[in-house]
Amino acid sequence: MKMTGADVVIKALEQEGVEVIFGYPGGAVIPIYDKLYDSSIKHVLVRHEQAAAHAADGYARATGRTGVVIATSGPGATNLVTGIANACMDSIPMVVFTGQVALPAIGRDSFQEADITGITLPIVKHSYLVRDVNKLASTIKAAFQLAGTGRRGPVLIDLPKDIQTAEVEFDYPEHVSFRGYRLPGEPSAAEIYQAVKTIGISRRPVIYAGGGVITSGAAEELKEFAEKTQIPVTTTLMGKGAIPEDHPLSLGMVGMHGTYYANFAVSHSDLLIAVGARFDDRVTGRLDTFATQAKVIHIDIDAAELGKNVRPHHVLNGDAKLILQELLSRVEIPQTKEWLDQIAVWKKEHPLSYCQDKDKIKPQYVIEQLRKLAGEKAIVTTEVGQNQMWAAQYYKVSKPRTFISSGGLGTMGFGLPAAVGAQIGRPDDLVISISGDGSFQMNLQELATIVQQQLPIKIIILNNGYLGMVRQWQELFHDKRYSQTELIPVPDFVKLADAYGIAGYRAHSPEEVGPVLEQALNHPGAVVVDVVIDREENVFPMVPAGGTLTKMIGV
Amino acid sequence: MRHILAVLVENQPGVLTRVAGLFSRRGYNIESLAVGQTHDPEISRMTIVVDGDDRVIEQVVKQLEKLVDVINVRDISEAEHVDRELVLIKVKAEPKVRGEIMQIVDIFRARIVDIGHNSLIIECTGDEGKIKAIEKSLRPFGILELVRTGKIAMVRGQKYEEE
């Protein structure tokens, strides 16, 4: 039976088991939205296309499934760019459909025409412009296969309007093969053996776990490996949740705003076992002073990461879960007692700390209280900047896929739409969006989406009336010349919430924090909590950009 | 050091953009790039000459291999290979110097492919050294235009005696 290209899109999504699409209609995708009208697939109508991409991203991070986005041609497509780049930097599986002007109109600067495959070229895992309706079904299959395997990433399919209305027989392949896309196999027995030997003779080993551990579902294996070998674990921002952060072997986060003891442990280690991490500059600081005494075992699914920033002594190319299982089955236990004693001293002497104040609310205190009240199943999304780093430091994560943050791209405005996606994907879990007043204002139009979808998201705004992290850099490195970082006037967020029909609360003083948060978390629907914090509180410890990890300020 | 990469790619629109975009995004320098269809019409072959130390080249190769449309990448610089480039040179040629130019053309086993009132177009094929040498020899006459194809290269077959 013949059907239209738009039918093929919806049918293919149904066959892929897609339960939800995040999108925004427009002229060049009307045929798809017409078919969607009769489909059982849920559609979440955002208020700006950027939010559709971030919501699909948040959904993917919270569930492990591939996020799906639809936007129209031209501005609809270009509005997705930040969201696609964000997903690409953090290796998040996503399939993005954009409308395009009809094939004969392409290249003539037609109304709402944009070369979106060209624009997104450096920020996608792969992309397609569909020119033949007979190839539409296999293209969609290919996109899902690419997005959801290997190092995950966004795949874009540009759909000219006449492809959506052209007729074709529906034939959805079970599998598409590529000549130029191969997944890594497993490391050889010899490679595993050498790594095991190196681990066995190490005395000051550290595991450095990144987002790849979360993606591959290897958190259990990682914990087991760490416990069996008694090797301490530090994580990246993306790796939060790879090991419970209250675990005795957990060192918290490493890097620019990492803990003193994580940065010291890495810097003094004789063996660094990197699992699904990419030695990002925010982690390593100055590369030539990074972990100079350490041998490096680098485990990653992307061969191009092995040797990109740091020269490893052993590379194990493949899936983190499988490799950790292999290592576990042959492991040789190093003697780390002295090392762990040393780390315990560092932990005791330099814990994460802040000065509690009688009158001013400290943001770190807010995060601690929130963690206490929310429980370990709650999912937290963050924005970017100080709010993100306080959350990363003080929100102790217990499980994978419960801490959702824009790592590589550092996108302000990510957290609120990401919370929408997370709540859609995990409707029964508590979802909290930790935000700053600046980031919140970057995508606050999504409050309407939250109301329309009846999502009980708890939005906590750490309000200091500043673009806080930039202000912090200006304070520390530019003589307090606060150039364009004061975000005054800050709107009345309680009234703003009210305008959307959302409950709004405010906390002015430290003693209000606990009760207000409790009230907010117990509220059945969405809540905005405006927490008026100490305006010039800084995120410490801090390694200045390009500095050496052991040279932290604020410890 | 300069490396010659032989890259097999899907013969599809946009592949060249992806490869060129990768080089500019990651800050690698392409010295030359030549591309054309192979004996299999679905596959094109690029010859890319790129400058960089071993670490840079390792990254170039790995990043190229990550592109879905790239089927295979080989660094053939170290292998025994044949490489060729074609150049067209339009040179100023008053009738009285034509004889001299034709001698140079003969020496390089190049060809004259067009004669104008005051100019000649010379076609020359060869490796880099030869192309450089003919260019240098013709420069005194006045080069009006010059166009090169970029290098193409192929690994030599196994020698009979080794079999």
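Two residues count as in contact here if their C-beta atoms, placed from the backbone, lie within 7 Å. Helices (H or I, at least four residues) and strands (E, at least two) are DSSP runs, numbered from the N terminus. A residue is buried if 20 or more other C-beta atoms lie within 10 Å of its own, exposed if 12 or fewer, and partly exposed in between, again with C-beta atoms placed from the backbone.

This is a predicted model, in which local features need pLDDT of at least 70 and side-chain atom pairs count only at pLDDT 80 or more, while totals for chains, interfaces and linings use all residues. Residues are numbered from 1 along each chain as its sequence is written, and chains are lettered from A and ligands numbered from 1 in the order in which they are written.

Let's start with α16(A). Its buried residues are A:Pro363, A:Gln364, A:Tyr365, A:Val366, A:Ile367, A:Gln369, A:Leu370 and A:Arg371. They pack against α17 (386–394), β17 (431–436), β18, α23 (510–522) and β20 of chain A. Just after the helix, A:Gly375 takes a positive phi of about 80 degrees.

Now for α9(A), where A:Ala195, A:Thr198 and A:Ile199 are buried. Seen down the helix axis, the buried residues of α9(A) fall within an arc of 100 degrees (taken from the directions from the axis to the C-beta atoms), so they line one face of the helix. The face turned away from that buried side carries the exposed residues A:Ala189 and A:Ala190. Partners of the buried residues include β9 (205–209), α11 (219–229) and β12 (271–275) of chain A.

Here are the spans of both helices from first C-alpha to last; the expected value is 1.5 Å times one less than the number of residues.

| Helix | Residues | Span | Expected span |
|---|---|---|---|
| α9(A) | 189–201 | 19 Å | 18 Å |
| α16(A) | 363–374 | 16 Å | 16 Å |

**The sheet in chain A**

Strands β17 and β18 belong to an open sheet of six strands, ordered β16-β15-β17-β18-β20-β19 (chain A), with parallel pairing. β16 (403–404) and β19 (503–507) of chain A stand at the edges with a single partner strand each, so one side of each is left without a neighbour in the sheet. Two strands pair if DSSP finds at least two bridges between them. Between β18 (residues 458–463) and β20 (residues 527–532) of chain A, which run parallel, there are six bridges. In that pair, A:Ile459 stands opposite A:Val528.

**Chain B**

Chain B holds four helices and nine strands, and 23% of its 163 residues count as buried. Its C-alpha trace spans about 55 × 45 × 35 Å along the principal axes. The domain assignment, with bounds from an automatic or database source, gives domain 1 (2–75) and domain 2 (82–154) of chain B. Their centres, taken over C-alpha atoms, are separated by 29 Å. The contact takes seven residues from domain 1 and six residues from domain 2 of chain B. On the domain 1 side, β2(B) gives the most, with three residues.

**Where the chains touch**

The contact between the chains takes 16 residues from chain B and 13 residues from chain A. On the chain B side, α1 (15–26), α2 (54–66) and β4 (70–75) each supply at least two residues. The most come from α2(B), with five residues.
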